[in-house]
Amino acid sequence: IPFHYVLMTPADENLTLVYRWYWDDVSDFSFSGLPDGEFKVGFLSLSTGWDPLLPPPAETIWYPGTQDWDEATILTIEDASEVTGIEFEVP
């Protein structure tokens, strides 16, 4: 059964801050305990062979649906707020 990663980076550095893997048929994801700040979130197939200790690879799809990290939407967490409604456009 295929898996995928959902990962987050700080908005100012393309370096993995946190990641989780999910079954491909799971469409909901969550991260808890993140500090206030600005982040980018990406989606990646486990089949890429990515090492989570390395920066996210070129195959990563960044929210809302770009493979260019610089063009990804910045998500802001303030006062331990919850960010919802993140849906990826996966080509």
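Trainee: Which residues lie nearest the centre of the largest pocket, and how many line it?

Mentor: Phe29, Ser30, Phe31, Glu82 and Val83 lie nearest the centre, and the lining has 19 residues. Keep in mind that this is a predicted model.

Trainee: What makes a residue part of that lining?

Mentor: A lining residue has an atom within 4 Å of a pocket point. By that rule, β3 (37–45) and β5 (75–77) each supply at least two residues of the lining. The volume of the largest pocket comes to about 430 Å³.

Trainee: How many residues of the lining are nonpolar, polar and charged?

Mentor: The lining divides into 11 nonpolar, six polar and two charged residues.

Trainee: Let's turn to the strands. Why is strand β1 described as largely enclosed by the rest of the structure?

Mentor: A residue is buried when its relative accessible area is under 20%. Seven of the eight residues of β1 (residues 3–10) are buried, so the strand is largely enclosed by the rest of the structure.

Trainee: How do you know that β1 and β2 pair?

Mentor: Pairing asks for at least two bridges between two strands. β1 and β2 (residues 18–23) have six, in the antiparallel sense, so they count as paired. One of the residues to look at is His4, whose bridge partner in β2 is Tyr22.

Trainee: And what joins β1 to β3?

Mentor: Seven bridges do, and the two strands run antiparallel. With at least two bridges needed, β1 and β3 therefore pair as well. Met8 has Val41 as its bridge partner in β3.

Trainee: Now the loops. Why is Leu17 called partly exposed?

Mentor: Buried means under 20%, exposed means over 50%, and partly exposed is in between. Leu17 has 43% relative accessibility, so it counts as partly exposed. Its place is in the loop between β1 and β2.

Trainee: Which residues does Leu17 touch, leaving aside those up to four places away in sequence?

Mentor: Leu17 touches Met8, Thr9, Pro10, Leu34 and Phe39. Contact here means heavy atoms within 4.5 Å. As for Gln67, it is 50 residues from Leu17 in sequence and 18 Å away in space, C-alpha to C-alpha.

Trainee: Where is Pro52, and which residues does it touch on the same terms?

Mentor: Pro52 sits in the loop between β3 and β4 (61–62). Not counting residues up to four places away in sequence, Pro52 touches Tyr5, Thr16 and Tyr19. Pro52 and Tyr19 are 33 residues apart along the chain, with 7.7 Å between their C-alpha atoms.

Methods
Residues are numbered from 1 along each chain as its sequence is written. This is a predicted model: local features need pLDDT of at least 70, side-chain atom pairs count only at pLDDT 80 or more; totals for chains, interfaces and linings use all residues. Side-chain values use heavy atoms; hydrogens and water are left out. On a 1 Å grid over the protein atoms alone, a cavity is a set of points where a 1.4 Å probe fits but cannot get out, and a pocket is an open set with protein on both sides within 12 Å along at least five of seven lines; lining residues have an atom within 4 Å of a point. Grid points are joined across faces, edges and corners, and a volume is the space filled by probe spheres set on the points. Helices (H or I, at least four residues) and strands (E, at least two) are DSSP runs, numbered from the N terminus. Ala, Val, Leu, Ile, Met, Phe, Trp, Tyr, Cys and Pro count as nonpolar, Asp, Glu, Lys and Arg as charged, and the others, Gly among them, as polar. Buried means under 20% relative accessible area, exposed over 50%, partly exposed in between (1.4 Å probe, protein chains only).
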